[in-house]
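Q: Could you take me through a few features of this model and show me how each one is read?

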Amino acid sequence: MTSFFRTKVIKIVPAIVLSLSLLLAGCNSPKSNDDLKSPVPNTSGQDSGQADSSSAPATPTPTLIPTPTIDVQSVKPNEAGKIMVVMFHNFVESFTPTSYDNGEYTTTFSEFEKLLQSLYDNGYRLISMSDYLNNNISVPAGCIPMIFTFDDGTAGQFNLVEENGTLKANKKSAVGIMEEFYKKHPDFGLKGTFYVNLGNSTFEGKGTLQERLKYLVDKGFEIGNHTYTHINLKNTTSAEKIQEEIGKNQKTIAELIPGYKMTTFSLPYGLPSKDLQNYVIKGVYDGVEYEHAAIMEVGWDPAHSPVSKDFNPLSTHRVRASGINPVECDLAWWIKNLSRGEQYVSDGNPDTITVPAGKEDKIDKDKLKDKELIVY
Ligand SMILES: [Zn+2]
C-alpha cells in the first residue's frame, strides 16, 4: 500500500528540509494520531540520488515551487473544508449575569487565555481576513486556519495603558492576552479584524483614537467597517443614510490613518431591504468611496474555504465565541461537533490546494488562480 501519492509532483524537497518543516509545523498529525507522527516517508530518495550524484551540470530550476512533500495519508489535508470565522464581543475580568445580560456575548480574560491554549493545542492557527479572502492561506501542514473578528470596539477587546511613557496594549484585554500568547507561541499567529463604530467610543482607555487604531494596524491587525454609530440597517430606508453611516466611518479612519481602507464590513444587526443592500457593499459619502469585499454576518456556522464553489464572501457566516453561558452552535459547540474531516486542514504549502479524492468537485477551479490542485 502506498501511503504517499500525489497526482503531480512539482519538486522534491531534500529530506532534511522536509523533516525540519514537519518538526516546526506542530500540526501535521492530529492529537489522536500522535503515533503517526514519526515515520516521515523519504519521498526524495529516488530523486536525490540521481540529482546529487549526477555529474551533469546542475540545471537551475528557478520556476519550481518549493513544495513540502507531506505524508498526505497521515496529515490528511483537506483544503476544501470549512473555516471558522469567530465573532467576539465583550471581554471582562469577571462577570455577573443580570436579567438583561446573561453573558452570551461576554467572556472573561482567563477564559480567553484558556481558549487560545486549547485552540493552539488542537492545531488551529490564526490567519488574517485578507489572507482568507484572497486564498492566501499559509499555515503548517495539518493545521486548521481560523479567523478572529471582534465587533463594536469594546475596551475589553483592546485598550491602551501607559507604561514608562509608552502606550501598550493592556494585558487585561484580548489584544494584550493575544500578544502574550504570541510571545510563547509565535506560530499561532497574531491576527484579527476589528469591526468598529468610530462615532461611538472605541477602545476606551489611554491614547487618542488615532493612537489606538494605529497601534492595531502596526501590529498587523485589520480594521473593518461596522457603521459609524452602530445603526440598525434593517430599519434604515434611505440610501443616503446607509452611505453616510458606512462612508463616515471610512472617512474617519482615512483621516486618522491616511489611505487606510476598510475593505470588509460586519452587519450590526441585519441587512436593509433588498433594493438597498448594494449600498452596504459599495457607496460614496462626502466624496469618500467605500467598497467591501466581504460582509460578516452574525452567524452560527463555519464558513467555506475560499476555493470552494460555495464560497460567498458577501455572506460570510461566523461562529460566535462562547460566552459565560455557552449556547448551541457557539465556538465550543462547533469545536466539539465539527469533525476534523469537515474542516480545512492545510497541506502546508500556500502554492497548492490539496484535497482528498472525492472532494475535488467542491473546488471552484477559477478560484485556484495560479495554485496547483492536488488530489490524493
Ligand atoms: Zn455590533
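A: Strands β11 and β12 form a hairpin with two residues between them, and D286 in the turn has a positive phi of about 55°; strands here are DSSP E runs of at least two residues, and helices are H or I runs of at least four, numbered from the N terminus. This is a predicted model, in which local features need pLDDT of at least 70 and side-chain atom pairs count only at pLDDT 80 or more, while totals for chains, interfaces and linings use all residues. Residues are numbered from 1 along each chain as its sequence is written.

Q: In which sense do β11 and β12 pair, and over how many bridges?
A: Two strands pair if DSSP finds at least two bridges between them. β11 (residues 282–285) and β12 (residues 288–291) pair in the antiparallel sense over four bridges, and K282 has E291 as its bridge partner in β12.

Q: Why does G123 count as buried?
A: G123 counts as buried because it has 23 C-beta neighbours inside 10 Å. G123 lies in the loop between α4 and β4 (124–126), and its C-alpha is 7.6 Å from that of G26, although the two are 97 residues apart in sequence.

Conventions
A residue is buried if 20 or more other C-beta atoms lie within 10 Å of its own, exposed if 12 or fewer, and partly exposed in between; C-beta atoms are placed from the backbone.
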